Amino acid sequence: MSNPETQTADTNWTGVSYGIVLGFVAAYFQFKVPPVLPVMIDLYGYEKVVGGGLMSIFAAAGMLVSVRVGRGIRRDGAVRYLAAAFALMLSGTALGLAFPESGGVMLASRAIEGLGAAVLAVCMPAFSNMSAGPKHLPIVIAAQATWIPVGQLVANLVAQPAVAQTLWQPVWWFGAAATLAVAFWTWRIVARDTVPGVAHRPAPAGTADANATGGETAISSAETRALWLAAMLFFLWQAQFMGYFTWFNVYLVEVFAYEADRAVAVNQIPVVVLLIFALIGGVILKTGLGVIRLLTIALGLQTLGWVLIPFAENLAIGLASLVIWGIAAGLTPTSLWALPSTLLGGHRAGTDAFAVVLTGRYLGILAGPMIASGVFFITGEWDTAPYVFAGIALMTILGTWLFGAQMARLRAETAPSRGR
């Protein structure tokens, strides 16, 4: 799924745009639950474990298939997987709309959606990377990091007028429409063959076209171990991210007695800041600061943002926590998405590499909401959870330093062979 030739060619902006839009749709499906969760809890009496499960089971489905899907796409091409993904996402949406009063059925519908969205999430960074020339790769990586905040932002914008009317269904309808639109775009791309890897499977290693598909540059076992360490970092960070955004609206409603639509509006503040700083992160990486340094700075800010949350009753501190958390949550994913390309080179970071990293991400999506709800269940209050996640942020900083050391060791080992 990766293409060395793109490292010397002009950027294929159709491929970059298509990959990132796939990510937008996947992120919308993932984050359509939090803004409407207070309404759904009120209408259907979901327990908090079920509420957290609506996010976590989505992730569990993706975690189970990401690596297999990544390898399959690299072997067979993406079109059949994308077709199945769109069908699953539409089926899950229809099931949820039909039987929302049943927590079990709604959980099943989210699992079905998660299987489909996992395919889009694997394709997003691979298509974007292989379509980017070397001059634009840092900016393309930063654009990839915007898929989550854009998905959140759109979900919030669609949800805000709906929840004001005690409705959640329009959010599901919009997701179905977005799926149909990107499915139509995929059909056009396949018909015109404008994005490498979508319509055709990559050439096998040893063939004349192997250089166009990366078949000759297998990932070594040492590089695979480093990728799994990157996956662990993604897990630790994503758990914080999901714990924050899954329960933030509920926290505002239950602790500060906000109306549901007002909670959605406040939720926009860190999301907008996040989106801006995801793009700024790409500019920073292009200056040569280095991904490990940027990731360390971002995680330090995120730790501070967690520590401030219990004092958010003070308006200045509350606003500061939202902004600081948004800055950190923008810079961090830009850094994390850059790890495979930094480790392997942009031309070798294909679906199989990103599938490993996405497995860690999905594990974080699975764990984060449940950690937050578990802390609430044990303590009976929300204010303990930020300190738990601050500790996880510190663990992520230590893991980042370990990854940096491992990457430096790999580069030192390969330097002599490159010299020859």
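User: Is α5 mostly covered or uncovered, and how many of its residues are buried?

Analyst: This is a predicted model. Buried here means under 20% relative accessible area. By that cut-off α5 is mostly covered, and the buried count is 22 of its 28 residues.

User: What distance does α5 reach from its first C-alpha to its last?

Analyst: Helix α5 runs over residues 103-130. At 1.5 Å a residue, 40 Å is expected. The model comes close to that, at 41 Å.

User: At which residue does α5 bend?

Analyst: The bend in α5 is about 25 degrees. A proline, P125, follows within four residues of the bend. The residue at the bend is C123.

User: Are α9 and α12 roughly parallel or antiparallel to each other?

Analyst: Their axes come within 11 Å and cross at roughly 160 degrees. Angles over 145 degrees count as roughly antiparallel. The crossing is left-handed. The pair is therefore roughly antiparallel.

User: Which residues of α12 meet α9?

Analyst: On the α9 side, the residues in contact include W237, F241, Y244 and F248. They meet a set in α12. That set is L322, W325, A329, T332, P333, L336, W337, L339, P340, L343 and L344.

User: What percentage of the chain's contacts with a separation of 6 or more link residues 24 or more positions apart?

Analyst: The chain has 14 helices and zero strands. Buried residues make up 57% of its 420 residues. For contacts with a separation of 6 or more, the share from residues 24 or more positions apart is 84%.

Methods
Residues are numbered from 1 along each chain as its sequence is written. This is a predicted model: local features need pLDDT of at least 70, side-chain atom pairs count only at pLDDT 80 or more; totals for chains, interfaces and linings use all residues. Side-chain values use heavy atoms; hydrogens and water are left out. Helices (H or I, at least four residues) and strands (E, at least two) are DSSP runs, numbered from the N terminus. The expected span of a helix is 1.5 Å times one less than its number of residues. The bend at a residue is the angle between axes fitted to the seven residues ending there and the seven starting there. Buried means under 20% relative accessible area, exposed over 50%, partly exposed in between (1.4 Å probe, protein chains only). Axes are lines fitted to C-alpha atoms, for helices over the stretch in contact, and angles run from 0 to 180 degrees between N-to-C directions. Angles under 35 degrees count as roughly parallel, over 145 as roughly antiparallel, 65 to 115 as roughly perpendicular and the rest as oblique. A crossing is left-handed if the near helix is turned anticlockwise from the far one by less than a right angle, and right-handed if clockwise. Contact means heavy atoms within 4.5 Å.
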